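Here is a walk through one protein model, from the overall fold down to single side chains. Keep the viewer open and follow along.

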Amino acid sequence: MKRRARIRFLDTRPLRGSRPFRDLWIGTSAAQLGGQIANVAVLAQVWDLTGSPVGTGAIGLATGLPMVLFGLLGGTLADTVDRRAVVRATTAGQLLAAAGLCAQAAADNRNVLLLFALVAAQAGCGALGAPARRTFPVRLLPADQVAAGLALTNVSFQAAMLAGPALAGLIIARWDFSAAYAAQAVAGAVAMLAVIRLPAMPPQGAAAAGGRRRAKRGGWGVVLRRPTLWGSLATDLSATLLAMPVALFPLVNEIRFGGDPRTLGLFLSAVAVGGITAGLFSGTVTHWRRGGLVQLSAAGLWGLALAGFGLAGPLWLALGCLAVAGAADTVSVITRSALVQLETPDAYRGRVSSVEHVIGVAGPELGNFRGGLLASATSASFSLVFGGLSALAAVAAVAAANAPLRAYRTPSAAGQPSAAGTEAAPAAGPAG
């Protein structure tokens, strides 16, 4: 009974049982912390240069477009060559971009286009390697621990969201923007060392072909042919594209709370508090086998909570709505990620992961741009409320149209030695 309760609180078996996954988790955690510090620095620097919600919304455009372009290309690479090699090269590119961000801040750059160019370069490198990186847990862990491994990664991300903005504020206040970007570069170096320690991970069949093979045809068609896959990804896209609030945080803070930078940090931290709280109880979430229904419910709650944030007057209520949104997002991400990796054959995981990455990362950035544009034409409150309710309606439409997603059950451990060994059966339908 004691072991059962502990697992339902936070399942740490992947960290205890797999050294490669532990290395990956440490490196990913460091990169996430550095990324959160840099995100706040970019947001604050763009606001300082432009003073406009369109300017802060354009950050989403600068990151979202490279993510779409290079994320899809990265999926093909991940299904063709050693995935570890792809992640090594792209991590090095991110380090160079972080150095460029540090240099432009140290030189007191006043050209926002240069800043956007460096942000876009870093986003492009990350997107190119993201599909390969997303396939690592399912190759390193048994099938019944994949969701737990993804939950642990999400907990570290939420912890970075909680600590990163506060740390960024301290660094920027004590030194300047360049110090924040330098902190990201140091974290990126730790991530690079962790990737170097990982075993080679060529796509299945590549070893016999000398480390490289031709990707099977029909990769992206797998998503369209499997209702569980397109339904899960459509749910996430509905939530993020229609209801991302981050670009509106500076404007909401300016209008309602006097522009206090500490309040801006609290907005970001409130999302993380909700996320990390849900993550700490992720053992319960990962034991729920109705993954599709859980994701749909969490995505709908996300939209409803952000609509509440748009209407909230007191600071405590605004922060509470953001905490609920953060918790819902964590549950949605965990269930979506596990479903996508377990439902996709290894021969197609790179390309399907690239679609997931584009939707899961570029979707929020483009959603921020949409929110900034709508707020500039109307108001921050209208943009938040309209976006949140639109997301709720879109998720409800996906649920109504997709019975297989509503009925989806996560595979049990019985009869499944590892997720990496299950590709033959799922591939039969959509491989074409």
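How many helices and how many strands are there in the chain? There are 20 helices and zero strands. The model is predicted, so read every value below as computed from predicted coordinates.

Start with the whole chain. Of its 432 residues, 56% count as buried. The exposed surface comes to about 16,900 Å². Carbon and sulfur atoms supply 69% of that area. Now take the contacts with a separation of 6 or more. Residues 24 or more positions apart account for 86% of them.

Next, the interior. In soluble globular proteins, nonpolar side chains tend to be buried together. Here the largest nonpolar core has 77 residues. Tyr181, Val252, Phe267, Trp302, Phe309 and Leu322 touch the most other members. Helix α16, residues 315-343, gives the most to this core, with ten residues. A second, separate core has 18 residues, including Phe21, Val87, Leu141 and Leu152.

Look at Leu322 in the largest core. Which residues does leucine 322 contact, leaving aside its neighbours within four places in sequence? They are Phe249, Phe267, Ala270, Val271, Leu306 and Phe309. Several of those names return in the aromatic residues. Phe249, Phe257, Phe267 and Phe309 form one aromatic cluster.

The structure holds five aromatic pairs. One of them joins phenylalanine 249 and phenylalanine 309. Their ring centres lie 5.8 Å apart, with 80° between the planes. That pair is edge-to-face because its angle is over 60 degrees. The pair links distant parts of the chain, 60 residues apart. Phenylalanine 249 sits in helix α12, residues 249-257, and phenylalanine 309 in helix α15, residues 291-311.

A second pair has another geometry. Phenylalanine 382 and phenylalanine 386 have ring centres 5.6 Å apart and planes at 10°, so this pair is stacked. Both residues lie in helix α18, residues 380-401. They are four residues apart, about one turn of the helix. Phenylalanine 382 counts as partly exposed because its relative accessibility is 42%. Phenylalanine 386, at 45%, is also partly exposed.

At what angle do α12 and α15 pack? The angle is about 30°, and the axes are 11 Å apart. From α12, Phe249, Val252 and Arg256 take part in the contact. From α15, the partners are Phe309, Gly310 and Leu311. These contact residues divide into four nonpolar, one polar and one charged.

Finish in helix α18, at valine 395. Why does valine 395 count as buried? Its relative accessibility is 4%, and the cut-off for buried is under 20%, so it qualifies. Leaving aside neighbours within four places in sequence, valine 395 is in contact with Thr235, Ser238, Leu296, Ala299 and Gly300. Threonine 235 and valine 395 are 160 residues apart along the chain. Their C-alpha atoms are separated by 5.5 Å.

How values were computed
Residues numbered from 1 in each chain as written. Predicted model: local features only at pLDDT ≥ 70, side-chain atom pairs only at ≥ 80, totals over all residues. Heavy atoms only, no water. Phe/Tyr/Trp six-rings, centres within 6.5 Å; stacked < 30°, edge-to-face > 60°. Helix = DSSP H or I, 4+ residues; strand = E, 2+ residues; numbered from the N terminus. Buried < 20%, exposed > 50% of the residue type's maximum accessible area, 1.4 Å probe, protein only. Contact = heavy atoms within 4.5 Å. Axes fitted to C-alpha atoms, helices over the stretch in contact; angles between N-to-C directions. Nonpolar A, V, L, I, M, F, W, Y, C, P; charged D, E, K, R; others polar. Core = buried A, V, L, I, M, F, W, Y, C linked by side-chain atoms within 4.5 Å. Areas by Shrake-Rupley, 256 points an atom, 1.4 Å probe, with all protein chains shown as cover.
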